[in-house]
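Here is my note on the model, point by point. Please read it with the coordinates open.

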Amino acid sequence: MLNTLNTLNTPLLLAGRVLLALMFILAGWGKLTGIEGTAGYIASAGLPFPTVLAVATGLLELVGGIAIVVGFQARWAALALGLFTLAASVLFHKFWAVPADQAFVQQLMFMKNLSVAGGLFMVAALGAGALSLDARREPALATA
């Protein structure tokens, strides 16, 4: 059984990267094509420079997500998106500070984000794997 799982390492790493990154690619694209709405949401959290943050966030999510999918500088992209996800969780999913009827959904979103950040930190620690641009550039970096 263990040998079977080991033979699946390469395709599972690729599938994991794609699944982790997909939400960021879609969210980043959505933010960049709807700057006003994103800026309004950011402003509602009391953050400064909402339009600048909307563009920066959209670019981070889109470019970082694509980098993880193709495995280009995947460790850095995953670290950046993981830290961003933790910050966004604390800023936008304050389940401890919302009315009781909203707390469950906000806590669910918060915990989902913690899980996603955990997956991203695993990519940051372990690399993108064999099916990546990182592996083509420097094989030792892709799995080290």
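1. Start with Arg 137. Its relative accessibility is 43%, so Arg 137 counts as partly exposed. The cut-offs: buried is under 20% relative accessible area, exposed is over 50%, and partly exposed lies in between (1.4 Å probe, protein chains only). Asp 134, at 6%, counts as buried.

2. The side chains of Arg 137 and Asp 134 form a salt bridge, N to O at 3.4 Å. The criterion is a side-chain nitrogen of Lys or Arg within 4 Å of a carboxyl oxygen of Asp or Glu. Both residues sit in helix H7 (residues 133-137), three residues apart, about one turn of the helix. Helices are DSSP runs (H or I, at least four residues), strands likewise (E, at least two), numbered from the N terminus.

3. Basis of the values. This is a predicted model: local features need pLDDT of at least 70, side-chain atom pairs count only at pLDDT 80 or more, and totals for chains, interfaces and linings use all residues. Residues are numbered from 1 along each chain as its sequence is written, and side-chain values use heavy atoms, without hydrogens and water.

4. How many salt bridges does a search of the whole structure find? Two. Besides the H7 pair, Glu 61 and Lys 31 meet through their side chains at 3.0 Å, N to O. This pair links distant parts of the chain: Glu 61 is in helix H4 (residues 50-70), Lys 31 in helix H2 (residues 9-33), 30 residues apart. Glu 61 is buried, at 5% relative accessible area.

5. Helix H5 (residues 74-92) passes a length check. Its 19 residues should span 27 Å at 1.5 Å a residue, and the end C-alpha atoms are 26 Å apart, which agrees. The expected span is 1.5 Å times one less than the number of residues.

6. Which side of H5 is buried? The buried residues include Ala 74, Leu 81, Thr 85 and Phe 92. The buried residues of H5 pack against H2, helix H3 (35-44), H4, helix H6 (100-126) and H7.

7. Overall picture. The protein chain has eight helices and zero strands. Of its 144 residues, 31% count as buried. The C-alpha trace spans about 50 × 30 × 20 Å along its principal axes. Among contacts (heavy atoms within 4.5 Å) between residues at least 6 apart in sequence, 63% join residues at least 24 apart.
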